[in-house]
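Student: I would like to go through this structure with you. Could we begin once it is on the screen?

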Amino acid sequence: SRILNESCSIYTPSIYGNCFKDYSVLSEDKNNYGFNWNEYDSSYTPILSMNKVYNSFQYKKSSDLDSYPYVGNYNYYMGGGFVYEIDVIFSRNSIQNDLINLQRLNWIDRHSRALFIEFSTFNPNINLFAYCTILFEILPSGTLIKSVQFNPFSLYESAAGFSLFSFACDIIYMIIIIFFFIKEIRSLIKIGFKKYFKQFWTYIEWLLIIFSWVSFAMYLYRLWSRYELMDKLKANYDASINNQSQQIIKLQKLNYWNEIFLVTISIC
């Protein structure tokens, strides 16, 4: 789990020299800070118990967080920000103390424009993952807009029963698509380019073929993501045994591509 704070730049000129603007790509604050948003000192090293709190005042890019842009009810956010990560290796009291310290140090202040609470869940009984986001959008007027998204998806399929039948249908479908792909190429060569693209059904056939191949590519990506996710889960399991910090497993990217996969399948 993690909590992400999106802020607009403190140095953006506006009324009374303070930031009372809406969040935008141009006004996003990407600077590093010390405690209480004071000037950042690269040579300063906080005590061990305050290290996570101190790091939450340094900006993290979306590439560092393995995140994509996010569309809220009010605005569009690029995915970077100031992050506090909740690690299960720490006790509940330790995490609670960190949150109290963040409150005392004004981690959420008048420059904050969005607060993301992100976590992922997995139900092994039904092989169902869920990427969960709770978003609080903070308007310049101080109004809060709350939105919640729970995106369930499955990466694993059973190796018996209906799943085998479904897999067989997938193979038959792709064989048919390959047949139609060859057939359309032969028709193009036979009747000529101009005459071929004057036919209405030509475009329907090619849309079906293209989206089928895109769906196939998404299917292969899901297979690759499955093994990548298993490696991360195994690494976290080994870390938990050794009482070490675990890496954040971000499912936003998998959820994003899974939704594209469902869209392309639906179009087909």
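Student: Which residues does glutamine 58 touch, not counting residues up to four places away in sequence?

Tutor: In this predicted model, glutamine 58 touches Asn32, Tyr33, Tyr40, Gly81 and Phe82, with those sequence neighbours left out. Contact here means heavy atoms within 4.5 Å.

Student: Where is glutamine 58 found, and is it buried or exposed?

Tutor: Glutamine 58 is found in the loop between H1 and strand E2 (59-60). It is buried, with a relative accessible area of 9%. Buried means under 20% relative accessible area, exposed over 50%, and partly exposed in between, with a 1.4 Å probe and protein chains only.

Student: What conventions apply to the numbering and the model?

Tutor: Residues are numbered from 1 along each chain as its sequence is written. As this is a predicted model, local features need pLDDT of at least 70 and side-chain atom pairs count only at pLDDT 80 or more, while totals for chains, interfaces and linings use all residues; side-chain values use heavy atoms, with hydrogens and water left out.

Student: How many helices and strands are there?

Tutor: The protein has seven helices and eight strands. These are DSSP runs numbered from the N terminus, helices being H or I with at least four residues and strands E with at least two. Of the 268 residues, 34% count as buried. Among contacts with a separation of 6 or more, 61% are between residues 24 or more positions apart.

Student: Turning to the helices, how do H6 and H7 cross?

Tutor: The axes of H6 (residues 200-241) and H7 (residues 252-267) come within 9 Å and cross at roughly 150°. That makes H6 roughly antiparallel to H7. Axes are lines fitted to C-alpha atoms, for helices over the stretch in contact, and angles run from 0 to 180 degrees between N-to-C directions. Angles under 35 degrees count as roughly parallel, over 145 as roughly antiparallel, 65 to 115 as roughly perpendicular and the rest as oblique.

Student: Which residues of H6 and H7 meet?

Tutor: On the H6 side they include Phe211, Met218 and Leu229, and on the H7 side they include Trp257, Phe261 and Ile265. By class, this contact of H6 with H7 has 12 nonpolar, four polar and two charged residues. Ala, Val, Leu, Ile, Met, Phe, Trp, Tyr, Cys and Pro count as nonpolar, Asp, Glu, Lys and Arg as charged, and the others, Gly among them, as polar.

Student: And what about H4 and H6?

Tutor: The axes of H4 (residues 162-191) and H6 come within 10 Å and cross at roughly 140°. H4 and H6 are therefore oblique to each other. Their contact involves, among others, Phe167, Ile177 and Phe181 of H4 and Trp206, Trp213 and Tyr219 of H6. Its residues divide into 14 nonpolar, one polar and two charged.

Student: What is the phi of asparagine 36, and where is that residue found?

Tutor: Phi of asparagine 36 is near 60°, a positive value in a residue other than glycine. Most residues other than glycine have a negative phi. Asparagine 36 lies in the loop between strand E1 (2-7) and helix H1 (51-55), and at 34% relative accessibility it counts as partly exposed. Tryptophan 37 also has a positive phi, of about 60°, but at 12% relative accessibility tryptophan 37 counts as buried.

Student: Finally, how many disulfides does the structure hold?

Tutor: It holds zero disulfides, a disulfide being a pair of cysteine sulfur atoms within 2.5 Å. Cysteine 169 is partly exposed, with a relative accessible area of 33%, and cysteine 268 is partly exposed at 34%.
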